[in-house]
Amino acid sequence: MELLKELKTRVYRFGNKTADGNSKMKNLLGGKGANLAEMSAIGIPVPPGFTITTEVCTEYNELGKESVIELIREEVEQSVANIESQMGTAFGDKENPLLISVRSGARVSMPGMMDTVLNLGMNDEVVLGLAKRTNNEQFAWDSYRRFIQMYGGVVLGMKPESKDDIDPFEEIMEHLKHKRDIQLDTEFTIQDLQDLVYDFKDAVKKRTGHDFPTDPWDQLWGAIMAVFNSWNGDRAVYYRNMNGYPADWGTAVNVQAMVYGNMGDNSGTGVCFTRDAGTGENVFNGEYLINAQGEDVVAGVRTPQQITKLGSKRWAELAKIEEEDRRENYPSLEELKPPIFKELNEYQDILEKHYRDMQDMEFTIQDGKLWILQTRNGKRTGAAMVKIAMDLLKEGMINEKEALLLVEPNKLDELLHPIFDPNALKRSNIIAQGLPASPGAATGKIVFFADEAKKYKHSILVRIETSPEDLEGMNIAKGILTARGGMTSHAAVVARGIGKCCISGAGALNINYKTRTLKVGDQEFHDGDWISLNGTTGNIIEGKVATMEPELSGEFAELMKLADKYGEIKVRTNADTPKDAKVARNFGAQGIGLTRTEHMFFEMDRIKAMREMILANTVKGRKHALEELLPMQREDFEGIFEAMQGHSVTIRLLDPPLHEFVPHQLATQKELAEDMHISLQAVKNKVAELEEFNPMLGHRGCRLGNTYPEITEMQTRAIIEAALNLKERGIICKPEIMIPLVGTVKEFEAQEEIVRRTANAIFEERNDKIEYLVGTMIEVPRAALIADLIAEKADFFSFGTNDLTQMTFGYSRDDAGKFLPIYIEKGILKVDPFEVIDQEGVGQLIKLGTQRGRATKPNLKVGICGEHGGEPSSVEFCYNTGMDYVSCSPFRVPIARLVSAQAAIKTTM
Ligand code: PEP
Ligand code: MG
């Protein structure tokens, strides 16, 4: 232990324009701690304090409380003394007390996921000292009751015991309000606050069996340990898993002198952004409250005011408030306190230029002095992210590569999702207006509780306000609507972070959780009723409103163009229909990496012919049915080739087990028997015959084409004839015919022989030719291992990572849903390997397959067409493996294009 103690610094100080750390030390100091250090070092007025490193959190998990306290005691004591000397106050002092805050801070921001304690260091004597020093008894007792409430909840576990239970401290306050016939917390008298403190402590004693701790040092150690514990709390674990953050990152603890925004009308607190987090517009904006503490702004109990005059005017317009009323009752900080605004405006400018990114800052004004509590790169919507990156580039603050790296690929998703159909919107009925907290369109059925969000396929979570416990439900719901809270309320911040449409602060809504009703004027809505939210305007709309596909334009198009300048690995799409192919082309797909031909067989007119083919007992019978299918397939292929205008198109021959196509319901079986003039029993027998124990490992892939060669013949004919027809119309396409599920060289050879023979026959019939390739999927582990041999025959490889993952892990794709979520929850797996390529295992087969294939054929074209082809970390992996292209669903094409550029840029850094 002694040795460990010698080895490293565990506590880093900041304040008074100096700091031990800096913003590059996020892993060690957490994002918040690193930024506090950096701000202090560049001369921003931050309240002095210190950060206990994330490594200590890990030590805490390993060694336990007592040993960790011994490890850091000396450094913490000296650092508290340092704050005391800077603030001119003393911790626990009766005359001139120092009060502190204790906050979590992981290396990435996890809003509201972990715990915070404010006003720490308070007890029955200190409260008197604070009252005297500030000459504000009301404020001192209010701070005391807030402290017991927070410390009780966070450190002593005084929380509601169930969903229907009310917070034990809130219950006491409600009781007193009722007794005193008052509505608001601000109406409590000093005597009320003193009674509350007494009753709170009494409740703690009753529930925990211990007195509330009065020694400030006991309080401090308790809070530090509680922050470490909150890293492993349910909310934090859920958030970590959702984002794939590992448990061993740990959280830092930031201990800092308290400054007060609730010391009267010359004090206040607020949150601000250097640019608009919703739209990306380059306007300084934010909200503040006079005579309030930080949590009052986010809790949404009081409606905050705007920081700038421009923001205030815009807000008033939305809220339909007259200019005079606005100026009188809701003035901006710019109008109310011009010198403070001027100073704040200077700092926001310095900070954005320093970090070269949009900043999200928190500040407090204590008795006329401005303190900046924190700054961080602001969370933003996908649209804002793109606009800010392109604007910063145009303003010369960052270069092209930096602009591309500033955009989080998955966030583009938000720009690719439906918006309301303007025509449907014209006919819709707006029932109320809220704040446009997170843009987008959402339509769904009302639910009032987060844990009920999954009740409907499309749900809208309607709450008075949300809290961190609601995160999971917010994630599931299509949209979020709250009656209270501003643009920086919990609901708004979280929704923007997860790219969900959200309207907050819709004051006209009257929500009753007990009756599960939402009243607006004389209209009443119930659980299960449809409503729609326009997160861009704040309109709340009655009923279901049709949505529309978005377009790639403006800054988004500019970004994509820039991405293509740097991107090296090509991006194709998986598309089965001409419509999908067109969507993908509009999103910039450079070809098709996979057309699953089976999907074409499920449509009404085709499924019948397909079933006849499957049920036929003779080759002749099968050929007859296939002849019916031929023109339909040919037409589909022509449509796809046309949509792709000469770009490469890979078409895969029939892959799934045949039993997927046969009817399993009696009525359909009867219909089929009649159509085919055979007995119902014959149909039933065939269905039973096709039944397999492990269909995914059964009669599918090239095993079909090799047992029923006529299927391969028909599909080849459809492909080649379609290409020849297009050639006649002046469109040249070079089809890539792909054989699925190959595991041996002979399997491939046998299929290739059929394809080439059929193609040659058509060339002779038509006296015309086209070029084409015959390649294979690499999706059976054996194929990856013998890739050098397969490459002697195959023209190209395409990794089918869905099957490759299934067969490498031995996890059935169809059944993994039963255990994968539990594996992820327990940490047995970090992420779902069907979503993110398992680089450690499956990745080895991909690398090996590529290397061996290219050892035989150095220019072998290699790509990927499994679902991973649009997942950012997997795309980067494919690039680093040396693949020529990735192929993904149309809506992920822009994401893959951006990652393609980012991956290439990263290798040059
Ligand atoms: C694959 O296995 O990765 C693949 C693309 O094929 P499918 O998902 O159709 O089996
Ligand atoms: Mg497959």
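Predicted model: local features only at pLDDT ≥ 70, side-chain atom pairs only at ≥ 80, totals over all residues.
Biologist: Thanks! Which residues come nearest to ligand 1?

Modeller: Those are Arg 596, Arg 652, Gly 800, Asn 802 and Arg 813, out of 14 residues around the ligand. A residue is near a molecule if one of its heavy atoms lies within 4 Å of it.

Biologist: How much of the ligand does the protein cover?

Modeller: On its own, ligand 1 has 290 Å² of accessible area, and the protein covers 96% of that. Those areas come from the Shrake-Rupley method with a 1.4 Å probe, and for residues only the protein chains shown count as cover.

Biologist: Which elements give two or more residues to the shell?

Modeller: They are β28 (592-596) and α32 (801-809). Helix α32 gives the most, with 3 residues. Helices (H or I, at least four residues) and strands (E, at least two) are DSSP runs, numbered from the N terminus.

Biologist: How do the shell residues divide into nonpolar, polar and charged?

Modeller: There are 3 nonpolar, 4 polar and 7 charged. Here Ala, Val, Leu, Ile, Met, Phe, Trp, Tyr, Cys and Pro count as nonpolar, Asp, Glu, Lys and Arg as charged, and the others, Gly among them, as polar.

Biologist: Stepping back, what domains does the protein have?

Modeller: The assignment gives domain 1 (2-257), domain 2 (268-380), domain 3 (418-548) and domain 4 (567-657 + 692-906). Such bounds come from an automatic or database domain assignment.

Biologist: How many residues of domain 1 are in contact with domain 2?

Modeller: 18 residues of domain 1 are in contact with 17 residues of domain 2, where contact means heavy atoms within 4.5 Å. The C-alpha centres of these two domains lie 25 Å apart.

Biologist: On to Ser 900: buried or exposed?

Modeller: Ser 900 has 2% relative accessibility, so it counts as buried. Buried means under 20% relative accessible area, exposed over 50%, and partly exposed in between (1.4 Å probe, protein chains only). Ser 900 is in helix α36 (residues 893-907).

Biologist: What does Ser 900 touch?

Modeller: Leaving out residues up to four places away in sequence, Ser 900 touches Gly 567, Glu 568, Ile 569 and Val 875. A polar atom of its side chain lies 3.3 Å from the backbone nitrogen of Glu 568.

Biologist: And where is Asn 119 found?

Modeller: Asn 119 sits in strand β7 (residues 116-120) and counts as buried at 1% relative accessibility. The Asn 119 side chain reaches the backbone oxygen of Ser 143 at 3.4 Å. Beyond four places in sequence, Asn 119 touches residues including Arg 146, Phe 147 and Tyr 260.

Biologist: Last topic, backbone angles: what phi does Asn 16 have?

Modeller: Asn 16 has a positive phi of about 55 degrees although it is not a glycine. Most residues other than glycine have a negative phi. Asn 16 lies in the loop between β1 (11-15) and β2 (18-19), and it is exposed because its relative accessibility is 58%.

Biologist: What about Lys 320?

Modeller: Lys 320 also has a positive phi of about 55 degrees. Lys 320 is in the loop between α12 (309-318) and α13 (323-329), and is exposed, with a relative accessible area of 70%.

Technical notes:
Residues numbered from 1 in each chain as written. Chains lettered and ligands numbered in written order. Heavy atoms only, no water. Polar contact = N/O pair within 3.5 Å; in protein donor to acceptor, adjacent residues only side chain to side chain.
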